[in-house]
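Let's take a walk through this structure together. Keep the sequence and the 3D view side by side as we go.

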Amino acid sequence: MTHVVFDFDGTLADSLGAIVQLYNALAEKSGYRPLTADNLEELRALSILDRCKRMGIPPYHLPSLAVQMGRNLRSAMTSIPFHEGIPELLRDLKARGMELFILSSNKEENIRAFLKHQAAEHLITGFHCSSSLFGKARMLRALMKANRLRPDQLVYVGDEHRDIVACKEAGVRVIAVRWGADADSRLREAGPDFLADTPADILACVSRWST
């Protein structure tokens, strides 16, 4: 194993607060139900389509909603922190010779702005970004083709059921983190290769798989 590929929102960046604020502003204009402290935990256990039903969002609005959210997130990048322990994880993986990539449905310019603010640009080798919510298997294959990698040479680290499904489709091992968007029940349902409680768990798992 030579490469570790990370999801961004929810996995590396603690962007939930900013996303809730920006979504609620759009929801008020569009007539969707708002995100609240009461419904967030319930939504974590639902699929994306079931979340749409619960929030009154027509599924065909999802692509344009994702584009709007990505555009509006740009101004929030300097106020979003890393999850605790993530900077140390990235530095430790880099020190062990791993190449680190970010594969995300957020915009590359947003992620770069975040990394620049965090003085962490030098830790990331490359980016593969798309606003599509269900195109990560295709993105993983494109990343492998561009970098001449076999599936066994990388692992993906994500926080959603769809991340795990995409990795299985692409034949890539996947670590799911419990501190992100989806509840533990959703992650277990998809069957990741490893479930991480802390960033240190990721380091231990990658170290074991790379020896």
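**A walk from helix to sheet and back**

Let's start with helix H6: what covers its buried residues includes helix H4 (62–73), strand S2 (99–104) and strand S3 (126–129). Those buried residues of H6 (residues 108–117) are Asn 110, Ile 111, Ala 113, Phe 114 and Leu 115. Here, buried means under 20% relative accessible area, exposed means over 50%, and partly exposed is in between (1.4 Å probe, protein chains only). Helices (H or I, at least four residues) and strands (E, at least two) are DSSP runs, numbered from the N terminus. Just after H6, Ala 119 takes a positive phi of about 55°.

A quick word on what you're looking at: this is a predicted model, where local features need pLDDT of at least 70 and side-chain atom pairs count only at pLDDT 80 or more, while totals for chains, interfaces and linings use all residues. Residues are numbered from 1 along each chain as its sequence is written, and side-chain values use heavy atoms, with hydrogens and water left out.

Now for the sheet. Strands of a sheet pair through backbone hydrogen bonds, either parallel or antiparallel. Two strands count as paired if DSSP finds at least two bridges between them. Strand S1 (residues 3–6) runs parallel to S2 and is joined to it by 4 bridges; Val 4, for instance, has Leu 100 in S2 as its bridge partner.

How many residues of strand S4 (residues 154–158) are buried? The count is 5 of the 5, so S4 is largely enclosed by the rest of the structure. Leu 154, Tyr 156 and Gly 158 are buried on one side, and Val 155 and Val 157 on the other. S4 then pairs in the parallel sense with strand S5 (residues 173–177) over 4 bridges, where Val 155 has Arg 173 as its partner.

Next, look at Leu 90, found in helix H5 (residues 86–95). It has 0% relative accessibility, so Leu 90 counts as buried. Leaving aside neighbours within four places in sequence, Leu 90 is in contact (heavy atoms within 4.5 Å) with Phe 6, Leu 12, Phe 82, Leu 100 and Leu 123.

Finally, here's a helix pair. The axes of helix H1 (residues 16–30) and H4 come within 10 Å and cross at roughly 120°. That makes H1 oblique to H4; angles under 35 degrees count as roughly parallel, over 145 as roughly antiparallel, 65 to 115 as roughly perpendicular and the rest as oblique. Where they meet, Ala 18, Ile 19, Leu 22, Tyr 23 and Leu 26 in H1 face Leu 65, Gln 68, Met 69, Asn 72 and Leu 73 in H4.

Note on methods:
Axes are lines fitted to C-alpha atoms, for helices over the stretch in contact, and angles run from 0 to 180 degrees between N-to-C directions.
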